[in-house]
Amino acid sequence: SIKKEELLVEDNKEEKERFELSRILRFALVSSFILLNITFSADVGVIASSKFKLQKDLNFNDKEFATFNSITSTGRILGTFIYMGLLTRDNRKLLTSVCLLASCALFFSFMFTSHKFVLFGVRFLLGLSRNFFQIYVPVYVDQFGVKPLKTLMISISNITSPLGRALGFAIGTALGESRWRYSFAVVGLILLSLAVLIICSPSRYFSAGATFKGYYTKEGDGKSKLVVNKEENKRYGDSVFEVGEIKMKKKGGIDIDDLFAILKNPTFMFSTFTRASVSFIFDISHLFIKDYVQNGLGETNQILLLSYYSIASGVGPSVGGAIGGLIITKVGGYEHKNSCKMISIFSVLTFITTFFLCFTDKLLTFCISLFAFYATAYMFYPIITGYAVNSLNAKQKGTGYSFTILICTVCGNFPGPLYYGIINDRFKATNPRLAWRCSIFYYIVGFTLLQFACYYRYRDLAKKEEEDKKKDEEEMKEIESKIGRASCRERV
């Protein structure tokens with residue numbers, strides 16, 4: 001008799017070598033990529049902690065210092081177009097190694113030069129190399145993440161910016177403002193230590209065509225077996241490894257058919273524009289909170305504002321991302337249709353916090369509301385990244401996430417501050433709170449787009465669940481039929 005939950009398949013040496021995969025190494029690699037993104041954001045914290053001494057040592061005026069900070073965005077935009085094409089090739093380990101080693105060298109270069117134009121170039125190239133990891137890390141986590149922890153890890157991968165800023169600020173504070181060059185070198189050393197594990201890992205752990213099966217090895221009848229266990233597959237589903245099921249291009253470039261398929265994917269498009277609209281608000285809240293608190297709330301205690309805002313902007317996203325990731329993991333992960341219901345609930349909680357942000361008069365209450373806004377927004381913000389990436393096939397993921405970064409920059413990061421500035425210049429004298437309120441209530445756009453994203457994601461997952469169920473039943477019938485015919489031949 002054959003048990004429905006366990007089917008034995010004889011193993012051979014070649015098959016075993018082809019399919020075995022170390023879950024520990026995959027977990028270590030995914031963790032390393034997340035730590036990379038955290039470390040790449042540390043330079044912002046280093047600059048913030050050493051601003052006055054750095055500006056004095058490099059003889060920067062305010063305009064030059066602002067350029068020094070913002071020029072990385074130019075590199076990121078250029079990188080989006082470059083990596084959109086390069087990630088269609090199956091050479092991702094080479095790209096990872098080159099960008100990582102180049103970034104290490106760039107961080108160490110702060111030790112040896114004070115020429116402003118050279119440093120502008122260094123910051124530009126850092127933005128260019130960092131953009132590869134911003135695009136590739138969510139794709140890597142979605143493809144190679146160990147399933148029981150995949151949702152939590154993709155949530156953490158999307159809160160790396162606040163964690164990185166906190167790391168850089170801690171390094172800069174610990175070494176002292178006058179040793180800002182050494183702070184950049186420490187960031188470079190952290191990157192270099194992570195590079196050792198990543199570069200020394202087998203190339204198959206970077207293959208764009210890698211897929212995972214629900215098999216594991218088991219000793220039985222005196223020899224090794226491969227076991228297909230349906231119950232284990234529901235929980236893990238990734239114990240062995242197969243490379244090359246999806247053939248990638250030998251030459252780089254964007255496949256027009258893939259690009260049109262991405263643009264016609266409603267889950268991906270609604271998730272992407274939701275991210276852009278939320279990024280729109282995040283950038284405004286980071287750049288203009290001081291202006292709003294001074295002119296809108298009439299609060300002039302900058303030390304108190306800095307203390308409250310550091311907690312709200314640093315701890316809020318981390319707490320929200322962790323709690324959201326744990327809850328979504330508990331309901332089956334972002335690959336389960338139940339996640340769509342929870343994401344809608346999180347978005348409603350965020351919508352409620354916007355009213356407190358706009359109509360409170362006290363600094364403490366305002367910062368508590370800001371903390372709640374960041375926390376509830378980051379409950380769903382990382383998960384919709386998983387929705388966008390997971391809705392694409394392996395060939396489309398690199399191009400798709402590059403497109404996401406581009407849309408978030410063009411439709412979120414760039415117009416947000418401009419939108420606030422135009423309204424504030426026009427109405428600041430008569431209504432100093434209007435620009436802030438108009439900006440925060442822009443969340444209505446993101447809230448609406450998110451509901452559409454959840455609807456289409458739920459529809460797609462329900463359809464996939466039904467197809468998988470039918471496929472399992474057909475495979476079971478076919479295997480039982482083969483075993484039945486084999487038993488008949490033995491009796492004859």
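Is R123 buried or exposed? Select R123 and take a look: this residue is buried, with a relative accessible area of 2%. (Buried means under 20% relative accessible area, exposed over 50%, and partly exposed in between, using a 1.4 Å probe and protein chains only.)

Before you click on, a word about the model. It is predicted, so local features need pLDDT of at least 70 and side-chain atom pairs count only at pLDDT 80 or more, while totals for chains, interfaces and linings use all residues. Residues are numbered from 1 along each chain as its sequence is written, and side-chain values use heavy atoms, with hydrogens and water left out.

**Stop one: D43 and R123.** (A salt bridge is a side-chain nitrogen of Lys or Arg within 4 Å of a carboxyl oxygen of Asp or Glu.) D43 sits in helix 3 (residues 42–49) and R123 in helix 7 (residues 116–144), 80 residues apart. Helices here are DSSP runs of H or I, at least four residues long, numbered from the N terminus. D43 is buried too, at 5%.

**Stop two: K53 and D57.** Now pick these two in helix 4 (residues 51–57); they are 4 residues apart, about one helical turn. D57 is partly exposed at 34%, and K53 is partly exposed at 28%.

**Stop three: D361 and R433.** Here the salt bridge has its closest N and O atoms 2.6 Å apart. Both residues lie in loops, so the pair ties together parts 72 residues apart in sequence. R433 counts as buried, at 14%.
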